[in-house]
Amino acid sequence: MTTTSIERNEAGAPLISVRDLSVSYDVARTGKRLTAIEGVDLDVHEGEFITVLGPSGCGKTTFMNVVAGLVKPTTGTVLVGGSPVTGPGPDRAVVFQDYALLPWRTVFDNVKFGLEMQKELKGAGWRERVQEAIELVGLAGFEQSYPRELSGGMQQRVGLARAIVAEPRILLMDEPLGAVDALTREVMRDEIEKLMAATGKTVLFITHSIEEAILLGDRIVVFKSHPGAIKEIIETGLERPRSERSIQHDPRFLELRDHLWDALQGEATAAAVSK
Amino acid sequence: MTVTSATGTMRIVRPRRVIRRSEAKWTWLLVGVIAAILLIWEAAVSWLQLIPASFLPPPTAIAVSFGKLLVDPEFWAAFGYSLGNVAIGLVIAVVVGVTVGLAVGWSPVLRFTVAPFLWLLYSTPKVALAPLFILGLGLGSESKIALVFLLAVFPIILNTMEGAVTVSTSLVNAGRVYGVNGVALGWKIIVPATLPYSLSGIQRGAALGFTGEVLGEFLGGTGGLGHMLEYAAYQFQMDDAIAMVIVMVIIANLTLLLISTLRRRLAPWYDDRKIAGAS
């Protein structure tokens with residue numbers, strides 16, 4: 001089904017519209033064709049926070065990369081704001097799992113990187129914007145530090161500041177807290193929740209942590225593997241603002257957690273066996 | 001895409017080097033060992049006369065020759081000649097080496113077609129080609145510059161190539177996401193990420209290039225430090241000859257020091273130990 005359906009018009013056109021998306025590629029080593037994701041359909045509306053949950057290797061990163069414009073779909077379409085994605089664009093910013101900061105640049109210059117290729121943003125006031133983004137993620141005072149001088153959590157804050165500095169409509173986060181230590185991760189989850197609620201951005205957040213998916217998401221998209229595809233989509237229906245502590249004993253949270261545990265348990269076992 | 005993320009190497013941030021307080025102790029030990037060797041040498045030659053001084057002059061005689069060299073205008077002329085050739089050869093090698101290395105490292109097509117030949121050439125004993133260069137380019141500077149270039153260019157190409165190949169995929173993706181494309185991708189991501197590798201190659205290239213210069217002068221030259229050394233050796237002025245060798249050792253080490261300082265200045269973000277594999 002490559003034609004975009006119009007049923008959703010009453011709810012306003014979705015900001016991101018994915019139809020029958022598949023990505024496959026040849027694996028040079030084995031000569032086989034590998035299907036990373038297959039038949040993915042998803043609509044994301046402006047301001048929604050979508051968490052994408054699944055075991056490693058289920059193609060959730062591939063999915064995000066297609067939306068980011070880094071990977072071309074084999075079949076199917078991805079529309080952002082109504083027009084097909086042909087490559088990366090200033091309407092979408094990415095936060096990478098391994099931070100992907102430029103080690104030869106200071107924090108300030110790394111954040112500046114987020115807007116330096118956009119001519120209209122390089123006019124007067126760009127310094128203030130960079131400074132503002134740095135302060136928003138709590139890195140004031142570290143402007144002249146180099147990434148290697150910062151902890152993992154702080155490096156990811158730089159990654160976050162770089163993503164929001166140009167004020168994209170969509171933020172794509174690929175397991176942004178995956179490489180961060182456990183304590184920092186919990187603090188940063190809450191901060192991301194607050195930050196995104198305040199800015200009202202549309203977010204696609206990849207994770208393999210059930211708690212993270214529930215805490216942050218308006219909807220949780222559960223992926224299954226072999227081939228990667230959407231297994232189910234769940235509305236969390238939890239009140240905002242949320243925090244790690246406030247939802248811990250919420251019955252809805254517990255219910256969701258149990259449900260997702262069961263869903264993922266099977267997936268993880270299947271993934272482990274097929275390897 | 002999972003293909004790209006599978007090859008994306010994640011760098012582990014290592015703690016910065018701990019201040020080495022104990023290293024001063026080792027420096028003193030080294031000085032002591034050298035002093036002891038010089039003392040034994042002096043004793044064996046001058047006092048016990050176990051070795052004829054005409055074969056192996058004592059350290060004191062070498063020191064005197066060394067002092068004389070430093071005030072000899074002929075020496076400084078030779079010094080300028082040799083270093084001039086090395087500098088010209090190296091500059092050409094850096095320009096060619098970095099350009100070729102980046103091109104081959106960045107383009108998969110070139111990597112599969114050209115790189116095997118580069119490795120082949122790298123492992124060829126190029127020193128054996130020195131007489132050909134002298135025959136072809138004459139006894140003057142040209143043949144020496146060509147030798148310096150030939151010896152220096154391969155480590156620069158191969159290190160740069162290695163650097164360009166290993167640029168992390170997520171850095172390139174970050175560049176693309178934030179609108180960096182084509183040539184800008186090269187300037188803003190590939191070149192800075194490769195720089196420490198290139199500098200490491202240049203360091204090796206400089207050392208090899210200097211060897212090339214001296215060798216060229218040995219085999220057929222009209223001036224330079226190698227030529228002077230050869231002359232002294234033929235005259236059986238062993239003290240002069242050894243003093244010349246010491247000069248060369250000093251020059252080579254100063255060059256290495258200069259480049260490693262440069263590397264720390266230009267690429268302070270890079271840990272030296274990470275590029276060990278590429279050299």
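Predicted model: local features only at pLDDT ≥ 70, side-chain atom pairs only at ≥ 80, totals over all residues.
1. β7(A) and strand β8 (residues 202-207) of chain A run parallel, joined by 5 bridges. One pair to find on screen is Leu171(A), whose bridge partner in β8(A) is Val203(A). β7(A) also pairs with β6(A): 4 bridges join them, and the two run parallel. Here Arg92(A) stands opposite Ile170(A) in β7(A).

2. Is strand β7 (residues 170-174) of chain A mostly covered or mostly open? Mostly covered: 5 of its 5 residues are buried. Ile170(A), Leu172(A) and Asp174(A) point one way from the strand. Leu171(A) and Met173(A) point the other way, and all of these residues are buried. Note that Asp174(A) is among the buried residues.

3. Now step back to the sheet. In chain A, 6 strands form an open sheet, in the order β6-β7-β8-β3-β9-β10. The pairing is mixed. The edge strands are β6 and β10 (229-235) of chain A, and each pairs on one side only. From one strand to the next, the twist averages 20°. A reminder for reading such pictures: strands of a sheet pair through backbone hydrogen bonds, either parallel or antiparallel.

4. Follow the order of the sheet on from β8(A). Strand β3 (residues 49-53) of chain A pairs with β8(A) in the parallel sense, over 5 bridges. Leu53(A) stands opposite Thr207(A) in β8(A).

5. β1(A) and β2(A) form a hairpin, with 6 residues between them. In the turn, Gly31(A) has a positive phi of about 75°.

6. Strand β4 (residues 75-80) of chain A is joined to β1(A) by 5 bridges, and the two run antiparallel. Ile16(A) has Val80(A) as its bridge partner in β4(A).

7. Turn to chain B. How many helices and how many strands are there in chain B? The count is 12 helices and 0 strands. Read along the sequence, the pattern is α-α-α-α-α-α-α-α-α-α-α-α. Chain B has 279 residues, of which 36% count as buried. Take the contacts in chain B between residues at least 6 apart in sequence: 77% of them join residues at least 24 apart.

8. Where do the chains meet? The contact takes 26 residues from chain A and 18 residues from chain B. On the side of chain A that touches chain B, β1 (16-26), α1 (60-68) and β6 (92-95) of chain A each supply at least two residues. α1(A) gives the most to that side, with 4 residues. The residues of this side of chain A divide into 18 nonpolar, 6 polar and 2 charged.

9. The largest nonpolar core has 131 residues. Val67(A), Ala161(A), Leu172(A), Leu204(A) and Ala152(B) touch the most other members. Helix α8 (residues 141-165) of chain B provides the largest share of this core, 15 residues. As background, nonpolar side chains in soluble globular proteins tend to be buried together.

10. Zoom in on Ala152(B). Leaving out residues up to four places away in sequence, Ala152(B) touches Gly89(B), Leu90(B), Ala93(B), Gly205(B), Ala206(B), Leu208(B) and Gly209(B).

11. Leu151(B) lies in helix α8 of chain B. Why does Leu151(B) count as buried? Because 28 other C-beta atoms lie within 10 Å, and the cut-off for a buried residue is 20 or more. Beyond residues up to four places away in sequence, Leu151(B) touches Lys126(B), Leu208(B), Gly209(B), Thr211(B) and Gly212(B). Take Lys126(B) from that list. Leu151(B) and Lys126(B) are 25 residues apart along the chain, and their C-alpha atoms are separated by 6.9 Å.

How values were computed
Residues numbered from 1 in each chain as written. Chains lettered and ligands numbered in written order. Contact = placed C-beta atoms within 7 Å. Nonpolar A, V, L, I, M, F, W, Y, C, P; charged D, E, K, R; others polar. Pairing = 2+ DSSP bridges. Buried ≥ 20, exposed ≤ 12 C-beta atoms within 10 Å, placed from the backbone. Core = buried A, V, L, I, M, F, W, Y, C linked by C-beta atoms within 7 Å. Axes fitted to C-alpha atoms, helices over the stretch in contact; angles between N-to-C directions.
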